[in-house]
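This briefing describes the protein shown below, for a reader who has the sequence and coordinates at hand. The points are grouped by topic.

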Amino acid sequence: MESMLDNLSKNAFVSICVQDPRILKADLWHTHVDYEICLYTNSMCFRKKTSCVRRRYREFVWLRRCLGQNALIMDLPKLPPWNPFFSPKNTEQVSQRMRGLQQFLESVLQTPLLLSDSRLHLFLQSDLSITKIEKCAHGKSRYTVAEAIQRTSSGYISGLEDKTSCDSDCESSSSSGLGLSVDTSVQESPVPFLECSDRDSELFRTPHPAHCTLTHSSCA
């Protein structure tokens, strides 16, 4: 049995992609960008083997702060730096930030100690807001972490979350330089993507090879 588990651990992999930047309009003056995170894995560390969620920059900042609470003796991967002049209209800035966010997640997923944090799994595989992730991770919600991950894609738990407040992603424009603008009251992606079911055997949309990285994973 031990030998079989060792083989499974050695063959485990995680494919993570940050892609499809989408501009959301909070109001007439404020917009921000969120990004699609697609994960595909055979690792026993993850509840679901395929998932796609959307997150914005400030949620990555929150995640890194949380991971730091459980990893005081190690250097955490770095996020792309906050840019006071960041504009969703600037495609180069958006692309550069997106690459930095992917590199951050790649490094996190290669660190077994960090994989034990339930907030990381909720961040990557549920559409819960940051507030609800905190409550769920601390046992203050009516559902468990496993339930949140398994049922979130069907809207069973959270539905649409309010992510319209302004932070470092905001800029004073109601239009997008990327060719699209989305009203947060609708919250639809301009490029439809497949919502993953709870069955591990189903495939999700294959990420673009240029943005996809395959890493080996082992549980702490």
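Buried means under 20% relative accessible area, exposed means over 50%, and partly exposed covers the range in between, with a 1.4 Å probe and protein chains only. By that scale M44 counts as exposed, because its relative accessibility is 55%. This is a predicted model, in which local features need pLDDT of at least 70 and side-chain atom pairs count only at pLDDT 80 or more, while totals for chains, interfaces and linings use all residues. Residues are numbered from 1 along each chain as its sequence is written, and side-chain values use heavy atoms, with hydrogens and water left out.

**Overall architecture**

- The protein contains six helices and five strands; helices (H or I, at least four residues) and strands (E, at least two) are DSSP runs, numbered from the N terminus.
- Read from the N terminus, the order of elements is α-β-β-β-α-α-α-α-α-β-β.
- Of the 220 residues in the protein, 47% are buried.
- The accessible surface comes to about 11,400 Å², and carbon and sulfur atoms account for 53% of it; accessible areas come from the Shrake-Rupley method with a 1.4 Å probe, and for residues only the protein chains shown count as cover.
- Among contacts between residues at least 6 apart in sequence, 70% join residues at least 24 apart, where contact means heavy atoms within 4.5 Å.

**Nonpolar core**

- The largest nonpolar core has 41 residues, and I37, L105 and L124 touch the most other members; such a core is a set of buried Ala, Val, Leu, Ile, Met, Phe, Trp, Tyr and Cys residues joined through side-chain atoms within 4.5 Å.
- At least two residues of this core come from each of β1 (13–25), β2 (31–41), α2 (57–69), α3 (91–109), α4 (118–125), α5 (130–137) and α6 (145–151).
- Helix α3 supplies the largest share, seven residues.
- Leaving aside residues up to four places away in sequence, I37 touches I16, C17, V18, S51, C52, V53, R55, F60, L105, F123 and L124.

- Strands β1 and β2 run antiparallel and are joined by 10 bridges; two strands pair if DSSP finds at least two bridges between them.
- The two strands form a hairpin, with five residues between them.
- Strands β2 and β3 also run antiparallel, and seven bridges join them.
- E36 in β2 stands opposite Q19, and in β3 the bridge partner of E36 is R54.
- Strand β1 is mostly covered, with 11 of its 13 residues buried.
- D20 lies in strand β1 and has a positive phi of about 50° although it is not a glycine.
- D20 counts as buried because its relative accessibility is 17%.
- In a regular strand the side chains alternate between the two faces of the sheet.
- Both faces of β3 are covered: T50, C52, R54 and R56 are buried on one side, and S51, V53 and R55 are buried on the other.

**The loop between β2 and β3**

- M44 is found in the loop between β2 and β3.
- The C-alpha atoms of M44 and F13 are separated by 9.7 Å, and these residues are 31 apart along the chain.

- Buried residues of α2 are Y57, E59, F60, W62, L63, C66, L67 and G68.
- These buried residues pack against β2, β3 (50–56), α3, α4 and α5.
- Helix α4 is mostly covered, since seven of its eight residues are buried: R119, L120, H121, L122, F123, L124 and Q125.

**D117 at the start of α4**

- D117 is found in the loop between α3 and α4 and is buried, with a relative accessible area of 7%.
- D117 caps the N-terminal end of α4, where a side-chain oxygen lies 2.9 Å from the backbone nitrogen of R119.
- A polar contact is a pair of N or O atoms within 3.5 Å; within protein, one must be able to donate a hydrogen and the other to accept it, and residues adjacent in sequence count only if both atoms are side-chain atoms.
- D117 also touches C66, L67 and N70, not counting residues up to four places away in sequence; C66 and L67 are among the buried residues of α2.
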